[in-house]
Amino acid sequence: MMSLDPTRRFSNRVDNYVKYRPSYPTAVLTCLQNECGLAETAVIADIGSGTGILARLFLQNGNQVLGVEPNKEMREAGEEFLVEFPHFSSINGTAEATTLPDNSVDFVTAGQAAHWFDREKSLPEFRRILRPGGTVAFVWNTMAFDASPFMQGYEQITRRYFSGKPSRENELRSGVLAYLGEGAQVRTFANEQQFDLPGLIGRVLSTSYAPLAGGAKHEPMLAELAVLFAENVDGDGRISFTYVTELYFRQFA
């Protein structure tokens with residue numbers, strides 16, 4: 001049975017998450033630099049930092065990043081993924097209790113995680129750790145289901161085989177502008193991955209709602225996925241997995 005605890009959902013999917021989840025376009029950095037004053041000296045608290053995908057973007061920009069992650073397996077994968085960066089610190093904490101000091105960071109970020117946060121408790125915690133003028137920024141890679149016949153077919157497979165996936169109406173994500181409050185902004189950017197069939201399977205199995213091996217839906221899902229891949233593969237043996245990267249942000253006085 002799938003864990004109802006969001007801090008445990010990805011414990012058995014860490015390897016696929018590390019290998020197959022997409023990064024975020026550098027346009028995210030450019031936007032935060034131009035609109036929120038992101039500098040190399042800024043300290044980032046990356047909440048729900050997971051395997052370190054978003055943290056790496058900021059570390060490559062020269063920032064100090066405090067990766068706050070409650071899931072032991074994900075946190076350890078992030079520590080290994082980011083071992084080359086001396087300005088990364090790994091912290092066992094949550095969005096509602098980061099363990100960070102008051103007024104200690106310039107940016108609070110979250111990549112692909114904020115819809116798990118408690119609406120009532122997380123924002124006060126973020127404002128507590130932010131310095132005056134600091135920014136909260138949430139990023140999602142949203143699947144662009146209308147972008148191609150492959151993506152349309154992939155959406156249909158997820159609807160048939162993914163169990164327990166909530167509708168957007170039940171996620172913080174659908175109300176993130178209201179959550180951040182007056183002055184919140186949203187920007188979007190193009191993003192994509194290229195996959196062969198094993199890569200596509202790994203990408204699917206990195207999703208917390210996808211049926212794992214041994215489940216009744218697992219093999220039928222993979223069979224349909226293989227057919228969809230064969231119908232859409234290009235001359236190089238790959239398909240394009242397309243996203244819209246959504247960036248939500250607000251500066252706080």
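Let's start with charge pairs: the structure holds 8 salt bridges, each being a side-chain nitrogen of Lys or Arg within 4 Å of a carboxyl oxygen of Asp or Glu. Bear in mind that this is a predicted model, in which local features need pLDDT of at least 70, side-chain atom pairs count only at pLDDT 80 or more, and totals for chains, interfaces and linings use all residues. Residues are numbered from 1 along each chain as its sequence is written, and side-chain values use heavy atoms, with hydrogens and water left out.

Helices (H or I, at least four residues) and strands (E, at least two) are DSSP runs, numbered from the N terminus. Glu84 is exposed, at 53% relative accessible area, whereas Arg56 is buried. Here buried means under 20% relative accessible area, exposed over 50%, and partly exposed in between (1.4 Å probe, protein chains only).

Arg56 also lies over the face of Phe81, 4.7 Å from the ring centre; for this, NZ of Lys or CZ of Arg must be within 6 Å of the ring centre and within 35 degrees of the ring normal. Its helix, H3 (residues 53–60), is largely enclosed by the rest of the structure, because 7 of its 8 residues are buried.

Now move along to helix H5 (residues 119–129), where Glu125 and Arg128 lie 3 residues apart, about one turn of the helix. Their side chains meet in a salt bridge (2.8 Å, N to O), and Asp102 joins these two residues in a network of salt bridges. Glu125 is buried at 10% relative accessible area, while Arg128 is partly exposed at 28%.

Finally, turn to the rings. The whole structure has 12 aromatic pairs. Rings of Phe, Tyr and Trp (its six-membered ring) pair if their centres lie within 6.5 Å; planes under 30 degrees apart count as stacked, over 60 as edge-to-face and the rest as tilted. Phe138 and Trp140 have ring centres 6.2 Å apart and planes at 75°, so they are edge-to-face. Phe241 and Tyr243, with centres 5.3 Å apart and planes at 40°, are therefore tilted.
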